[in-house]
Amino acid sequence: MNNLIITQVEEKIKVSGAGVFSASQTFECGQCFRFDKNENGEYEGVATDSPSASGHFARISNSDDGEVLFSGTTMDEVKNFWISFLDLERDYEKIVSTYSEDSHIGVAARTCSGIRILKQDPWEALCSFIISQNNNIPRIKKIIRSLCENFGEKTKSGHFTFPDARVLAEAESLAVIRSGFREKYIKDAAQKVADGEIKLEVLKMMPYEQAKAELMRIKGVGEKISSCVSLFGLGFLGAFPVDVWIKRVLEKHYDADFDPSSFGEYAGVAQQYLFHYERCYASDE
DNA sequence: AAACAGGCCTAAA
DNA sequence: TTTAGGCCTGTT
């Protein structure tokens, strides 16, 4: 557990020593869809533990001194799940220092330095990013909520788990979630994962390009979605998803022949800084 | 009311 | 190999 210090502070659990962390940047940079800000400004939601597929609930925020604060969970869960999920043991400053100095990534990384790349469950990431295509965030969240409420399981704490691939593969129809033309894509993903034609846990151990190619065998999964799943679900921090926002960034700040893979081993982290900066901090033109 | 939203598929050059 | 439409649905 490296240099992390875990303490009980009143009814909350505090994790110190993780370096810069921002709950709002992490949960609002578009990488996940099941965490929402509550009336106390905490981000609460359920995260799936792969491969057991069990759901963990927590409320996550920053303490006044910038450390990580949890409530609604336990010391054990923080130690055994949340620290890993939030990637708190990784040295992000070191990652940023690997980028070759160009001013724009410098500004973006500094401004968005509180972002952590969540280690999401690959199956949940796969479904979520299939749903995200040609769609907007409020509706993405709504569809995913409906998916969990209709096909997930209700936990003791009253929250819903993300449905298992088998459940979706066997479901008569997914029409209730109103995912439109994406339904057949979700179905195809569920079937391939359920009968082991695609083994997500195995993809984690393959070379990135190969894992991505496997994902793209699924209907409705192309270049962008496969790289999102690779980055957010499989732990390939070198994956660099290019969507309309990133296209805009590349046009504005980089030469036409610029190759994002030149960001290196941690290109995906750079992508997230660039993406979030463009959406939330950049002035329009 | 028409356009648009964090892509992908298919058909056609 | 690249390019144009079309796609479910909800919101503005």
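Entry 1: I started at R178, where a polar side-chain atom sits 2.8 Å from a phosphate oxygen of DNA strand C. I'm counting that as a polar contact, meaning a pair of N or O atoms within 3.5 Å; within protein, one must be able to donate a hydrogen and the other to accept it, and residues adjacent in sequence count only if both atoms are side-chain atoms.

**Ground rules.** I'm working with a predicted model, in which local features need pLDDT of at least 70 and side-chain atom pairs count only at pLDDT 80 or more, while totals for chains, interfaces and linings use all residues. Residues are numbered from 1 along each chain as its sequence is written, chains are lettered from A and ligands numbered from 1 in the order in which they are written, and side-chain values use heavy atoms, with hydrogens and water left out.

Entry 2: I listed what surrounds DNA strand C and got N134, R139, K142, R178, S179, G180, F181, R182 and K184. Near here means that one of a residue's heavy atoms lies within 4 Å. By class I found one nonpolar, three polar and five charged residues. My classes: Ala, Val, Leu, Ile, Met, Phe, Trp, Tyr, Cys and Pro are nonpolar, Asp, Glu, Lys and Arg charged, and the others, Gly among them, polar. A side-chain N or O atom of N134 is 3.2 Å from a base nitrogen of DNA strand C.

Entry 3: Which residues come nearest to DNA strand B? I found G30, I137, G220, G222 and I225, out of 22 around it. Sugar and phosphate make up 59% of the atoms of DNA strand B within 4 Å of the protein. A polar backbone atom of G222 is 2.8 Å from a phosphate oxygen of DNA strand B, and for a backbone N or O atom of K224 I noted 3.4 Å to a phosphate oxygen of DNA strand B. I also saw that α11 gives the most to the surface near DNA strand B, with three residues. Helices (H or I, at least four residues) and strands (E, at least two) are DSSP runs, numbered from the N terminus.

**Entry 4: α5.** Is α5 enclosed or open? I checked, and 11 of its 11 residues are buried, so the rest of the structure largely encloses α5. Buried means under 20% relative accessible area, exposed over 50%, partly exposed in between (1.4 Å probe, protein chains only). Just after α5, N134 takes a positive phi of about 45 degrees.
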